[in-house]
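Here is a short tour for a reader who is new to this chain. Please keep the sequence and the structure in view.

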Amino acid sequence: MAEKYVYSWGGGTAEGNATMKQELGGKGANLAEMTTIGVPVPPGFTVSTKVCGYYYSHNETLPSTLEAEITEHIARLEKNKGATFGDLENPLLVSVRSGAAVSMPGMMDTVLNLGLNDDVAAAMGKKINNERMAYDSYRRFINMFGDVVMGVDHHKFEVKLSEAKKKAGVQNDNELSADELKEVCQEYKKVYEAETGEAFPTDARDQLDKSIMAVIKSWMTPRAELYRQKEKIFGLEGTAVNVQAMAFGNMGQDSGTGVAFTRDPSLGTNEFYGEFLVDAQGEDVVAGIRTPMPIKEMKTVWPDIYKELDDIRLKLEKHYGDMQDVEFTIEKGKLYMLQTRTGKRTGLAAVKIAWDMVQEGKISKEEALKRIDGDHLNQLLFPILNPSEKASAISDNRLFSTGLPAGPGAATGQVVFTADDAVAWHKQGKNVILVRKETSPEDVAGMASAEACITSTGGMTSHAAVVARSWGKCCVVGAGDLAIDYDAKTVTCNGMTVKEGDILAVDGSTGEMIVGEIPTSASPVIAGVVDGDTEAQKTEVFKMFNDIMNWADGVKKLTVRTNADSPRDSKVARALGAQGIGLCRTEHMFFEGDRVWSVRKMILAESEEARKEAIAELLPYQREDFEGIFKEMDGYGCTIRLLDPPLHEFLPGDEAGMKEMAERMNVDISVVKEKIESLHELNPMLGHRGCRLSITYPEICVMQAQAIIEAACNEAKKGTVVKPEIMVPLIGKEEEFQILAKIIRETADAIIAERGVDVSYQVGTMMEIPRATLVADKVSGGDAGAEFFSFGTNDLTQMTFGYSRDDIGSFLPEYLDQKILREDPFQSIDQEGVGYLVERGVTLGRQGRPGLKCGVCGEHGGDPASVKFFHGVGLDYVSCSPYRVPIARLAAAQAVIEEK
Ligand code: PEP
Ligand code: MG
């Protein structure tokens with residue numbers, strides 16, 4: 001039997017249903033479903049997505065059986081509707097619409113009134129005793145068919161309409177008489193002929209075939225492809241084509257059309273929300289030619305229809321168990337539903353609707369968790385730009401640039417170009433946006449003072465991105481089209497120049513930068529959870545957030561830890577639900593206050609003695625920080641990593657800094673310069689960093705182990721339950737781990753014995769060099785082996801792909817464009833390659849040491865898709881920046897639910 005490609009609905013029955021979205025598209029599947037549950041829907045048929053799939057996989061040809069199948073379904077539709085294509089007595093007119101499995105703007109828009117030609121329009125005018133309406137429908141059809149199907153510029157038709165109105169001396173379209181509209185139709189046909197080089201098709205079947213073809217072709221338009229890429233929609237067969245009998249909303253004062261949501265899509269409240277227009281077709285509502293009325297006003301205009309529509313709203317919501325977005329038309333007092341689909345909503349509405357539906361007994365808690373995504377939660381946690389002001393700024397051409405969305409939230413402030421200016425301006429009470437080509441540890445104070453940070457280079461794991469995310473600070477990186485001139489203190493892009501002090505608004509969730517002020521609104525969740533603000537804790541948002549997080553914790557299997565380097569970050573992370581620290585980057589502690597001078601002294605030291613002396617200065621600082629961290633993480637594991645970055649990162653980058661260093665160290669500036677020169681590496685990411693530092697300078701490792709264990713003993717004495725986990729970074733060979741583990745264990749055991757405090761600790765390693773994952777059993781095996789693994793997927797991605805994590809921005813857009821990559825691998829784990837190494841590392845590691853604790857601490861630990869992958873490969877925990885913790889908790893719960 002030939003494959004079935006076309007599915008009909010009408011007269012209370014349907015061949016499809018709501019579960020067939022893959023074949024019928026969302027629209028087609030729901031039209032079928034509504035028909036069978038007794039909602040009034042004009043009859044029609046769907047050409048399945050398989051036809052689109054076939055077309056693109058068979059050299060742009062259609063299945064040979066399709067034509068006959070469509071003929072058969074047209075006959076069925078004619079029977080259902082009691083009308084015939086091209087018939088002058090009772091003509092069948094149809095709409096043609098695209099519709100993929102996932103709702104997707106960017107494809108072909110609607111063609112209405114298909115089936116009209118000169119004769120049918122004349123006959124129809126007589127039959128309905130409304131010639132005006134017949135010719136109005138006809139001119140719309142020629143315009144839509146020309147524009148949408150054949151690509152004729154819509155403006156060319158508009159010009160003719162304007163001329164007709166001018167000639168008739170009227171302002172509005174609906175003031176044109178039937179004869180005048182008839183004339184417009186002829187003018188439109190001339191435009192069509194001139195632009196396409198062919199006559200306007202008069203045969204309904206010909207019109208239909210061309211429209212179906214246009215829908216199929218619209219699947220591959222750049223607009224549609226771009227949308228799929230942006231929204232990460234992959235693996236769909238294509239679009240379906242829906243052909244449906246027309247219902248006319250433009251038949252007079254007892255007709256109309258509208259769109260509505262079954263609940264408020266921006267706040268989520270359980271109220272009918274939408275608008276409608278009397279005597280209009282669907283496009284009028286969307287085009288904004290006339291101002292529609294709020295749906296509630298239908299109660300007065302058409303009370304009976306309002307009642308019917310409201311009943312359908314409740315019926316659909318009950319049936320689908322979710323908020324719906326519907327389109328409807330009223331033809332001479334009779335209501336028809338033309339579409340229902342799950343309604344798009346803001347983050348707040350998503351949470352509110354899911355939470356309300358659980359209270360209403362409509363859905364389970366697990367279902368509610370499935371319906372909320374990380375972006376939704378983000379919108380609850382961070383300030384957002386006022387949506388309508390942002391939209392109008394963008395339509396006013398104030399969009400300055402778009403980079404990578406590296407740090408959440410939104411901010412508005414005055415632009416500065418140096419970290420020092422950021423600090424100084426902030427002190428004067430100004431809100432500042434720090435714009436840099438890139439940031440380095442030297443800029444940290446400026447970043448802390450800024451409302452948002454922007455860089456023109458760097459990727460999702462660049463310094464700016466990692467630091468900003470850990471603070472929950474708005475940040476956009478890798479905005480490569482920004483031309484920054486530090487001397488002139490200007491940044492230029494998109495034909496606009498922003499000077500120091502000018503206002504810029506930044507959306508860290510989308511990467512957009514907008515010129516001028518846009519108000520932001522703050523999050524009561526953060527105020528309530530992190531700052532303990534009692535007023536904020538009374539808000540509904542706060543309550544919903546807590547409930548949802550508790551539901552997630554009840555389901556998830558993965559533990560969620562945090563990446564935190566200070567007691568302050570640890571406290572925030574605990575408040576947001578982190579259960580331990582997965583990565584404390586000790587180098588970040590070296591930059592606080594004056595500590596960097598001790599680090600610089602250590603780097604300049606000529607002898608081991610001098611180095612030890614400088615290192616000893618750092619010990620109390622580190623110990624104090626560790627005590628604070630252990631205290632905040634009472635009872636939970638804390639993974640603390642030995643120093644990781646190359647030493648040159650701690651040295652000044654400019655002449656003034658070098659001069660200051662020389663003065664402070666009491667040496668000639670040439671000594672400083674020489675040192676900087678000697679530490680210069682062609683490839684610092686692959687150079688003298690990670691465990692290689694401690695292998696060559698073991699005193700660093702000794703000092704850090706001492707600070708950690710002394711802090712643990714001090715805190716344990718006060719009654720805190722401490723669980724230190726000391727981690728060796730960047731190993732490729734098991735010997736690297738074994739040498740350092742021995743030093744750490746000897747140092748730790750001596751302190752514990754001397755203090756007589758009962759502290760137990762573990763020594764483990766990062767898995768971030770591909771080789772290490774391939775010999776993981778050797779690393780974990782034996783008495784000297786690693787007691788835990790933490791996968792550093794930032795470096796692992798860098799070294800597996802061979803892409804510099806700081807420079808991917810220069811070629812990523814092209815790689816996405818050419819579909820070499822589907823997404824930034826530093827943002828979402830590359831499951832096939834890097835993910836395979838993680839899986840392999842876990843399996844081998846546990847062969848070497850059964851039950852080995854394994855986690856991840858790369859940025860992927862806060863990415864929902866990656867979290868689900870890590871759950872699947874059996875990690876014990878994920879670790880992410882404090883403000884990503886709620887998202888990771890939710891994703892960890894969804895991973896379990898999706899497995900069922
Ligand atoms: C990693 O490489 O994944 C990691 C967490 O370490 P860092 O980002 O500090 O190199
Ligand atoms: Mg690393």
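This is a predicted model: local features need pLDDT of at least 70, side-chain atom pairs count only at pLDDT 80 or more; totals for chains, interfaces and linings use all residues.

Residues are numbered from 1 along each chain as its sequence is written, chains are lettered from A and ligands numbered from 1 in the order in which they are written, and side-chain values use heavy atoms, without hydrogens and water.

**Domains.** The chain is divided into domain 1 (247–345), domain 2 (383–522) and domain 3 (555–646 + 681–899). These bounds come from an automatic or database domain assignment. The C-alpha centres of domain 1 and domain 2 are 41 Å apart.

**Strand β1.** Helices (H or I, at least four residues) and strands (E, at least two) are DSSP runs, numbered from the N terminus. Buried means under 20% relative accessible area, with a 1.4 Å probe and protein chains only. In β1 (residues 6–10), five of the five residues are buried, so the strand is largely enclosed by the rest of the structure. Both of its faces are covered: V6, S8 and G10 lie on one side, Y7 and W9 on the other.

Strands pair if DSSP finds at least two bridges between them.

| Strands | Bridges | One bridge pair |
|---|---|---|
| β1 and β2 (residues 13–14) | two bridges | G10 and T13 |
| β20 (residues 490–493) and β21 | four bridges | T490 and K499 |

The hairpin of β1 and β2 has two residues between the strands, and G11 takes a positive phi near 60° there.

**The open sheet.** Three strands make an open antiparallel sheet in the order β19-β20-β21. β19 (483–485) and β21 (496–499) stand at the edges with a single partner strand each, so one side of each has no neighbour in the sheet. Neighbouring strands are turned by 20° against each other on average, direction ignored.

**The helix pair.** Two packed helices are described by the angle and the distance between their axes. Axes are lines fitted to C-alpha atoms, for helices over the stretch in contact, with angles from 0 to 180 degrees between N-to-C directions. The axes of α22 (residues 540–555) and α38 (residues 885–899) come within 8 Å and cross at roughly 45°. In contact (heavy atoms within 4.5 Å), F545 and M549 are among the α22 residues that meet α38, whose residues there include L890 and I897.

Conventions
Buried means under 20% relative accessible area, exposed over 50%, partly exposed in between (1.4 Å probe, protein chains only).
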